[in-house]
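Hi everyone, thanks for making time for this. Let's take a look at the structure together before I walk you through it.

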Amino acid sequence: MDIKEQIATAVEKIAKDKKLQAQFMSDPVKALESVLGVDLPDDMVDKVVQGVKAKLTADKASDMVDSLKGFLKK
């Protein structure tokens, strides 16, 4: 199981679904297992959770910067 691939898949699905975002915030392990359709091995759980959190945070920051750029151009 490729961790980077699992993170990318999870981020794509979670970013598009508000319910999954809420579930990920309250219980990231269950949310990831439901999104990926697998029971994650204990040694991978923290790595995947941290990777998804980092990617979602980076995407939100990027979106905010883009919207600020648009606002400043007006």
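So, at what angle do the axes of helix H1 and helix H2 cross? The axes of H1, residues 3-15, and H2, residues 18-26, cross at roughly 120 degrees and come within 7 Å. H1 and H2 are therefore oblique to each other; angles under 35 degrees count as roughly parallel, over 145 as roughly antiparallel, 65 to 115 as roughly perpendicular, and the rest as oblique.

A quick word on where this comes from. This is a predicted model, where local features need pLDDT of at least 70 and side-chain atom pairs count only at pLDDT 80 or more, while totals for chains, interfaces and linings use all residues. Residues are numbered from 1 along each chain as its sequence is written, and side-chain values use heavy atoms, with hydrogens and water left out.

How confident is the predictor? The protein chain has an average pLDDT (confidence in each residue, from 0 to 100) of 78, and 77% of the residues score at least 70.

Lys13, Ile14 and Ala15 of H1 meet Leu20, Gln21 and Phe24 of H2, where contact means heavy atoms within 4.5 Å.

Now, which residues of H1 and H3 make their contact? Gln6, Thr9, Ala10, Lys13 and Ile14 come from H1, and Leu32, Val35 and Leu36 from H3. These two helices pack at about 95 degrees, with axes 10 Å apart, and are therefore roughly perpendicular to each other.

Leaving out residues up to four places away in sequence, Phe24 touches Ile14, Ala31, Leu32, Val49, Val52, Lys53 and Leu56.

Finally, H3. Here Pro28, Ala31, Leu32, Glu33, Val35 and Leu36 are buried, meaning under 20% relative accessible area, with over 50% being exposed and in between partly exposed (1.4 Å probe, protein chains only). Just after H3, Gly37 takes a positive phi of about 70 degrees.

Methods
Axes fitted to C-alpha atoms, helices over the stretch in contact; angles between N-to-C directions. Helix = DSSP H or I, 4+ residues; strand = E, 2+ residues; numbered from the N terminus. pLDDT = per-residue confidence, 0-100.
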